[in-house]
Amino acid sequence: MTASETTTDVAGAALLRTEGLTKQFGGLMAVDDVDLRIESGDIRCLIGPNGAGKSTLLKLIVGQLEPSAGQVFYRGEDITDLSQHDRAREGLSMKFQVPAVYGDLSVRQNVHIPLQREVSRRDIDAEIDETLESFDLLDEAGTRADDLAHGQQQWLEIAMAAALDPDLLLLDEPAAGMSVQETERTAEYVHRLNDRGVTLLVIEHDIDFVRSIAQSVTVLHQGEVFAEGTIDEIEDDPEVRRIYLGEGH
Amino acid sequence: MASETTTGVERSTADAPDGPLTRVRDALEGPNTLGNSRAFWAAFVALVGFLFVYPMLRSTYYVNNTAFLLASAFLGLSLCLVWGYAGIFSFGQVAFYGVAGYTFGVVSINITGPLGTVAGLTVGVLVAAGFAFVIGYFMFYGGVSDVYVAIITLAVTLVLNTFMGQTAGEQWAVGTARLGGFNGMTEIPSLALGIGDTAIRVADVPFYYFVVGTLLVTYLGLRVLVNSDLGYVMVGIRENEERTELFGYDTRRVKLGTFTLGGALAGFGGIVYASWGNYIDPSVFGLTFAALPIIWVATGGRKWLSGAIIGTFVVTFISQKLSVFGGQFSQIILGALLLIVILGLPEGFVPQIHARLPWLLNRLPGGGDSS
């Protein structure tokens with residue numbers, strides 16, 4: 001089934017919208033009736049305590065998990081029943097929480113696999129070079145991905161996910177385990193992608209990183225949307241400070 | 001003079017960038033195969049040349065035996081494709097080998113003459129592919145993966161072993177072809193290619209050339225496949241299926257296609273075997289035979305086509321030499337060989353040698369082009 005054959009979302013022009021999205025694992029309500037709306041061009045950060053359901057929500061959006069209830073709309077079309085690969089072909093891309101690069105293959109081969117969907121054989125070498133250059137990985141083109149440093153693996157996976165030229169890129173903890181300098185560089189990459197027209201939904205715990213990239217923030221708590229707004233509004237919200245940010249913020 | 005491109009594949013600057021030679025090499029070469037240099041292709045042409053003059057140098061006995069050793073490579077290549085490239089650990093490639101061998105026997109015994117063997121060859125490959133498609137469909141679209149694929153494919157093979165073993169009675173016949181139980185199906189005709197009196201009976205030296213020719217075409221065809229976009233997706237599935245699916249690839253369909261092609265390839269090997277010995281029996285579905293392709297391919301290097309071919313040839317050759325001392329002795333050595341490879345050379349010996357080739361060649365008098 002393609003998106004064009006699915007139900008049209010009459011609610012409007014949001015790039016991504018979820019309606020009553022719910023995921024239950026046995027007795028645990030991991031995601032509970034979540035209504036999310038992301039406009040085209042946004043950099044939305046998704047924050048919340050561990051176990052709040054952030055990664056589960058991303059997996060529901062890309063189709064890695066089937067929802068117990070609710071729907072996912074993309075460009076106004078209901079994509080809830082689409083397979084993962086069909087969603088990717090519609091323009092959704094994702095970087096996993098734990099870097100999921102092809103460890104035994106070279107950095108060049110890693111980028112080749114997603115990029116070949118977008119680029120002809122004739123142009124692919126130049127395009128790989130360009131992609132690696134923009135993530136400062138060109139010097140590592142021949143390196144086995146498993147031999148890269150952790151931060152470089154994170155960037156490689158972002159480069160791979162971005163190689164699909166997505167409209168919506170989901171990043172699950174892109175700065176996890178990074179030094180301050182690496183985190184700053186990751187923020188640069190995020191801004192650069194956004195400047196290219198990519199909308200981003202980013203899960204992150206590092207609040208400084210969130211502050212440096214977020215145009216809007218959603219706080220998830222116990223599977224539910226707890227608060228939404230700009231980073232300043234979120235940081236000023238006493239209830240958010242109580243459940244997540246701590247009184248020191 | 002050789003130069004290095006960004007792909008890591010050596011190119012001669014003498015080749016025109018868009019010349020036919022470059023286009024052929026572009027299709028045949030890439031990081032998914034070993035041997036992407038002029039030196040490799042020079043050695044390859046020399047080897048093929050040697051294989052073509054070999055029957056003029058040795059007696060028919062040796063030629064026949066070498067043909068048998070080379071013919072085993074179809075089974076090795078089929079496992080290499082599904083396991084080495086797509087990461088589908090099939091313990092039952094011999095099921096497709098045996099089913100095609102029996103099908104060839106049934107068709108070629110019932111339809112006499114060259115037409116029967118050509119029909120048997122065609123139907124046998126199609127039945128093996130269809131059988132692999134059905135099993136693959138239920139496995140991959142049923143969410144079966146990893147070790148369960150090995151268990152299911154082995155179980156199918158052992159069920160066939162038990163079933164074919166009890167077909168000794170006269171009632172177990174298809175037309176004039178008796179299945180023969182553990183005694184096997186006898187009087188399977190040798191392949192004959194052509195029509196009527198002009199057909200060439202593919203036995204002895206012609207059989208050898210048939211095997212060399214088809215193996216050459218298969219190897220080059222598979223090189224093109226694994227270095228194509230589809231080949232990259234297969235390798236992506238092997239490395240991380242979930243990641244590959246999220247790049248927009250229908251991984252179940254790619255796995256099913258690969259498994260079906262692997263079944264056809266194993267089936268072709270089974271037909272060549274049945275035609276070579278004019279015989280097939282249920283031991284082709286046995287546990288011992290089911291384990292052999294895994295030993296061949298793991299020993300040579302499962303992730304590389306050349307590893308599978310060389311591994312199959314070398315291990316089968318050693319096994320033959322050892323069998324002089326008794327079949328079980330040979331099996332113990334093969335088992336030990338598998339253990340040594342898994343523990344010491346998990347990637348197989350062929351990629352190890354390939355990686356050390358520049359070092360070895362540089363120590364030869366005058367050094368050499370070693371890439």
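View 1. Look for A:Lys54 and A:Lys59 here: both are on the buried list, along with residues including A:Leu57, A:Leu58 and A:Ile61.

**View 2. The open sheet of chain A.** Six strands line up in the order 6-7-8-3-9-10, and their pairing is mixed. What stands at the edges of the sheet? Strand 6 (92-95) and strand 10 (224-229) do; each has a single partner strand, so one side of each is left without a neighbour in the sheet. Going from one strand to the next, the twist averages 20°.

**View 3. Strands 6 and 7 of chain A, with helices packed on the sheet.** Strand 6 runs parallel to strand 7 (residues 168-172), and four bridges join the two. To pick out one pair, find A:Ser93, whose bridge partner in strand 7 is A:Leu169. Helix 5 (residues 150-163) packs on the sheet here and touches both strand 6 and strand 7; its direction makes about 175° with that of strand 6. Helix 6 (residues 180-195) packs on the sheet too, touching strand 3 (43-47), strand 7 and strand 8 (199-203). The direction of helix 6 makes about 150° with that of strand 8.

**View 4. The hairpin of strands 9 and 10 of chain A.** Strand 9 (residues 216-221) and strand 10 run antiparallel, joined by five bridges. A:His221 stands opposite A:Glu224 of strand 10. Two residues sit between the strands of this hairpin, and A:Gln222 takes a positive phi near 50°.

**View 5. Where chain A meets chain B.** How many residues does the contact take from each chain? It takes 22 residues from chain A and 20 residues from chain B. On the side of chain B that touches chain A, the residues divide into seven nonpolar, seven polar and six charged.

View 6. The mean pLDDT of chain A is 91, and 93% of its residues reach 70 or more. Residues 1-12 are another story: the pLDDT is below 50 over this stretch, which has 21 contacts in the model beyond near neighbours in sequence. Where pLDDT is low, the predicted coordinates should not be read in detail.

Notes
Residues are numbered from 1 along each chain as its sequence is written. Chains are lettered from A and ligands numbered from 1 in the order in which they are written. This is a predicted model: local features need pLDDT of at least 70, side-chain atom pairs count only at pLDDT 80 or more; totals for chains, interfaces and linings use all residues. Two residues are in contact if their C-beta atoms, placed from the backbone, lie within 7 Å. Ala, Val, Leu, Ile, Met, Phe, Trp, Tyr, Cys and Pro count as nonpolar, Asp, Glu, Lys and Arg as charged, and the others, Gly among them, as polar. pLDDT is the predictor's confidence in each residue, from 0 to 100. Two strands pair if DSSP finds at least two bridges between them. Axes are lines fitted to C-alpha atoms, for helices over the stretch in contact, and angles run from 0 to 180 degrees between N-to-C directions. A residue is buried if 20 or more other C-beta atoms lie within 10 Å of its own, exposed if 12 or fewer, and partly exposed in between; C-beta atoms are placed from the backbone.
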